[in-house]
Amino acid sequence: MMRHSGIRTGAAGILLALMMAFSSFAGPADEIVPADAPVQAVPQAEQVQQAQAPGSPVAEVPGAGGTDPAQAAADAAAMEAWQQAQAEAQAAQQAAADAAAMAAWQQAQAEALAAQQAAEAAQAAQAAQTVQQPQTGPLQQLGTRKLDPSKPMVALTFDDGPYAKVGNQIMDCAAKYNAKVTFYVVGDRVSTYKTEVRRMVNEGHEIGNHTYSHKILTKVGAAEIRSQIEKCNQAVENVTGVRPVTVRLPGGGKNSTVLANISQPIILWNLDTMDWKHRNAATSVQKVLGSVKDGDVILMHELYPASGEAACRLIPELTARGYQLVTVSELAKYRGGLNNNKVYYSFGR
Ligand code: ZN
């Protein structure tokens, strides 16, 4: 009985011991698995740098074998260090991004400043172009020929034509030296000399307005002044397709009524050959060569053969002396430009 009881007592003791041992094992094991916190912290860190994530703390922590409190503490410390490293890497990356953004902003600022300076330079160049004073610098292309604004230029002008006999003589001589001249024509003569006036335009000479019937405009009223100018413009345009830009007043006569009723630039002269009076080629040549200078507007007349002869002596001689023989509009273009309703005598620098 005792033995039996002893056996039962012994069996119960073993069972109790087993139960106690089991419960002491299972209890601490439940408490050891704190894996959620570190695992959930990882995705945020992964956004920084997945490759640098030390996977070991995550893998080790939830493991069933992690029963050692010292090991758990070590794992937590490792996780904390890793999170610290991730935070520092993220901060460094943000700092680098900030620096790159600043550099890009500075670059954009520099480019904007350069663009603004270029625009201002272009605007200044445009303004200089508008003033039309290219007195120095490279050769200027104008039509099919080159002019050098830094070298002297003068304008030969011939009034009272067209008159084919003299006008063609002048154009023949001009063609040999690439010279261009200006013809101030009388409107009511234009239809008689269509071929000549068309040649003027075709060969690059300029046709100016010398009124329709050579009226002295100081002796007529406003309506007649306007009519004289408009009818001459129309006569030239009808034959050549080109409308005169500048006006020369017959006899040079002007007063306030004349100036108030002509809107185009008025071109008079500063070097008068008096060819209509003496009608001598040598005298005209002497008058020009004796006083010519850069920017001069030289007055002659197309009606006299002596004037054609004078032109054919002057063109080679002036060219040899370094003058460019240009139209009035060319001369004005390189010497300050033209304004409507203004009177010009010469275009010196
Ligand atoms: Zn005249």
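Helix H5 (164-176) and helix H12 (residues 305-320) pack at an angle of about 5 degrees, and their axes lie 9 Å apart. This is a predicted model: local features need pLDDT of at least 70, side-chain atom pairs count only at pLDDT 80 or more, and totals for chains, interfaces and linings use all residues. Residues are numbered from 1 along each chain as its sequence is written. Helices (H or I, at least four residues) and strands (E, at least two) are DSSP runs, numbered from the N terminus.

**H5 and H12**
- H5 and H12 are roughly parallel, because angles under 35 degrees count as such.
- Axes are lines fitted to C-alpha atoms, for helices over the stretch in contact, and angles run from 0 to 180 degrees between N-to-C directions.
- Val166, Gln169, Ile170, Cys173 and Ala174 in H5 meet Pro305, Ser307, Gly308, Ala311, Cys312 and Ile315 in H12. Contact means C-beta atoms, placed from the backbone, within 7 Å.
- These contact residues comprise 8 nonpolar, 3 polar and no charged. Ala, Val, Leu, Ile, Met, Phe, Trp, Tyr, Cys and Pro count as nonpolar, Asp, Glu, Lys and Arg as charged, and the others, Gly among them, as polar.

**H7 and H8**
- The axes of helix H7 (residues 194-202) and helix H8 (residues 222-240) come within 9 Å and cross at roughly 85 degrees. That makes H7 roughly perpendicular (65 to 115 degrees) to H8.

**Asn178**
- Asn178 sits in the loop between helix H5 and strand E4 (182-185).
- Asn178 is partly exposed, because 14 other C-beta atoms lie within 10 Å; 20 or more would be buried, 12 or fewer exposed.

Key:
Parallel < 35°, antiparallel > 145°, perpendicular 65-115°, else oblique. Contact = placed C-beta atoms within 7 Å.
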